[in-house]
Amino acid sequence: MAKNNLPTWNPVGIIIILPVLTYLVYALAYSSPVFYSDDFHLLKPLVLFRESKTWLEKWEWLYQQHNEHRIVFPRLLTLFDYYLEGHINWITLTFIANLLWTGTLYFFWQGFRALSLPLWMFIPVPFLLFQPQAYDNVNWSISILQQSDILFWYSFFVFLFAKERYRWAALIAIVATFTHGNGIFTFAIGVFFLATRREWKTLAWWVGLMALIAAIYFIGFQKGQQASFGKSLSDPVRLISSFFAFFGSLTPVFSASTGWTVLAGFVFMGLIVSVIFPAITRSFSGKAYEISTFDRQLLGTFFYLGITGALVAISRSWGGIEAILAPRYQHYAPFAAGWAYLAVLKVVPYRRAIAQVAIPVSVLFCALCYLTYTPEVKARQDALLADETNYRYHQTFVQYLPAFNTNIRWLYPTALSTGICRQEVRMPQVPHTAPTDSGIVLTFRRDIYRLEGADNVSRSLLLQIQNHTIESPGIFLYLGKPGNQPGYWLWTHRKRSGFPRLFSSGALLSPGFDLPLLVQNIEPGQYRIGIQTEKGFVWTKYEVEIGKENVTWKKS
């Protein structure tokens, strides 16, 4: 029997831990002290929690529905951070969530140990799991606390159930239920395991607890804003393709074709099904006690992944496969791939060859994810830093649709005035005597930003600003107002360098930038454009004039 303990001095153990530590350091470096998007659904209940006079009122704010979810536990973690630090530290909150996400590796490790294989064969798993393809995990607290951490809680649940620790599993099922909407299916999967094992006494109290938690969960429940079952079911081919794409979203880092994504998801889920099929037949033939601990973990994981993929496809596939490939879902594919890999190792006789191929492929995948998605992560971090200053002077977040600023109109000022959130001006002061660089070339183009919801379509005017030559680790644009009044800071989006440039110069980012500016968020008026780079601030020769429903530009 191969030994697979993990001593700290073992070189293979160090390799296994390396992608975990790299990811945590990366996530900490690129996280933001400013909340992102619907993180205000964590912020709002906390503001109202403090103002509520009774515990029933406090519970109602923690319990309040967010889309299809009752996110009591993420809100409790936010409350914990607030009382721990005296304010919500979004960097700390995201880091705690990432610690939970990396904790899923423990349950993969427990499954791997049950196979009694050489330690080095485990190397591909952490390289598949911990990379920034699901880059919402880096600076979107509510996303990782829900979408990613539910996999930790569910893995914990399946592990406890496989070990027959049912009371602890019940506690984790409750946490999972009030972390993410799909968490409630932990109870249903528990029913399957207990029924097939004919543990009727345990099943009786389990079903009773499930009924109680379901009643609490569904009181006043409403359909999520972005869910449209009818539109999704109207196209069965798109629906089925979206289901498999949900589990195959590793492929965009290699190819833009969604066909490869669908195929990869089909392969991963097919491999898992082929390995657990004997366990399923034993379960229904009264031989559930013969199922190994590994097969129980794999079987429970398959059930949860299948239910989650089906629900996402049914509720979201109306938006096309691209909607299924949103960054907030892209941790499911490496999770499924990791279990598919372990499933293959369990059954194939040539597992050594499989592992030898999987190691370089997983390392290459991990490296490509860092190269490909770091520009996206950096752009979001820059946008949040710029908007922190914009809100200080203009009470506006520029990067969002105007409805966002309406939603936080009373919330964010209250959070700032009570110390729940803290705000700093992290952008540099614009020098009064800044020079003008007439050699900077910008291009402008009007465009329409179209956002399709489940029940409506919104359109907003965009001003696309581009440059193809400026090189700097960070590039911000500045819309300067007359008379040295505070202007607006704008982030820029950069593209990854091609491999020839990357290997010859070591530059991760290509020259130039693009900026999609939602002009409705800018106060009407005439603005001069400046640029902040690592070399300092300069004015350009360009000016823009923004009206309520139009925008023009000129070069002076």
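Okay, let's start with confidence: the chain of this predicted model averages a pLDDT of 89, and 96% of the residues score at least 70. For anyone new to the term, pLDDT is the predictor's confidence in each residue, from 0 to 100. Helices here are DSSP runs of H or I with at least four residues, strands are runs of E with at least two, and the numbering goes from the N terminus.

Quick housekeeping. Residues are numbered from 1 along each chain as its sequence is written, and side-chain values use heavy atoms, with hydrogens and water left out. As this is a predicted model, local features need pLDDT of at least 70 and side-chain atom pairs count only at pLDDT 80 or more, while totals for chains, interfaces and linings use all residues.

Let's go to the strands. Two strands pair if DSSP finds at least two bridges between them. Take S5, residues 476–480: S5 pairs with S6 in the antiparallel sense over four bridges, with Leu477 opposite Leu490 in S6. S5 also pairs with S8, again antiparallel, over five bridges, and there Gly480 has Arg528 as its bridge partner.

So which residues of S5 point one way, and which the other? Phe476, Tyr478 and Gly480 point one way, Leu477 and Leu479 point the other, and all are buried. Buried means under 20% relative accessible area, exposed means over 50%, and partly exposed is in between, using a 1.4 Å probe and protein chains only. Strand S6, residues 488–491, is covered on both faces too: Tyr488 and Leu490 are buried on one side, Trp489 and Trp491 on the other.

Carry on from S8, residues 525–533, and you get to S9, residues 536–546: the two run antiparallel and are joined by eight bridges. Gly525 stands opposite Ile546 in that pairing, and the hairpin joining S8 to S9 goes through two residues. Then S9 pairs with S10, residues 551–555, in the antiparallel sense over five bridges. Tyr542 has Lys555 in S10 as its bridge partner, and this S9 and S10 hairpin has four residues between the strands.

On a 1 Å grid over the protein atoms alone, a cavity is a set of points where a 1.4 Å probe fits but cannot get out; a pocket is an open set with protein on both sides within 12 Å along at least five of seven lines; and lining residues have an atom within 4 Å of a point. Grid points are joined across faces, edges and corners, and a volume is the space filled by probe spheres set on the points.

How much space does the second largest pocket have? Its volume is about 540 Å³. It is lined by 22 residues, and the closest to its centre are Leu128, Leu250, Phe268, Ala337 and Val361. H7, H15 (258–284), H18 (332–347) and H19 (351–394) each supply at least two residues of that lining. By class, the lining has 19 nonpolar residues, three polar and no charged ones. Nonpolar here is Ala, Val, Leu, Ile, Met, Phe, Trp, Tyr, Cys and Pro; charged is Asp, Glu, Lys and Arg; the others, Gly among them, are polar.

As for cavities, the structure holds three of 30 Å³ or more. The second largest cavity has about 60 Å³ of space. Its lining includes Pro375, Lys378, Asp382, Ile475 and Arg494, and divides into five nonpolar, three polar and three charged residues.

Arg197 sits in the loop between H11 (185–196) and H12 (200–218). Buried or exposed? Arg197 counts as buried, because its relative accessibility is 6%. Its side chain makes a polar contact with the side chain of Glu199 at 2.9 Å. A polar contact is a pair of N or O atoms within 3.5 Å; within protein, one must be able to donate a hydrogen and the other to accept it, and residues adjacent in sequence count only if both atoms are side-chain atoms.

Ile420, in the loop between H21 (411–417) and S3 (443–452), is at 0% relative accessibility, so Ile420 counts as buried. Ile420 and Glu85 are 335 residues apart in sequence, yet 9.8 Å apart in space, C-alpha to C-alpha. And Phe221, in the loop between H12 and H13 (229–233), counts as partly exposed because its relative accessibility is 30%.
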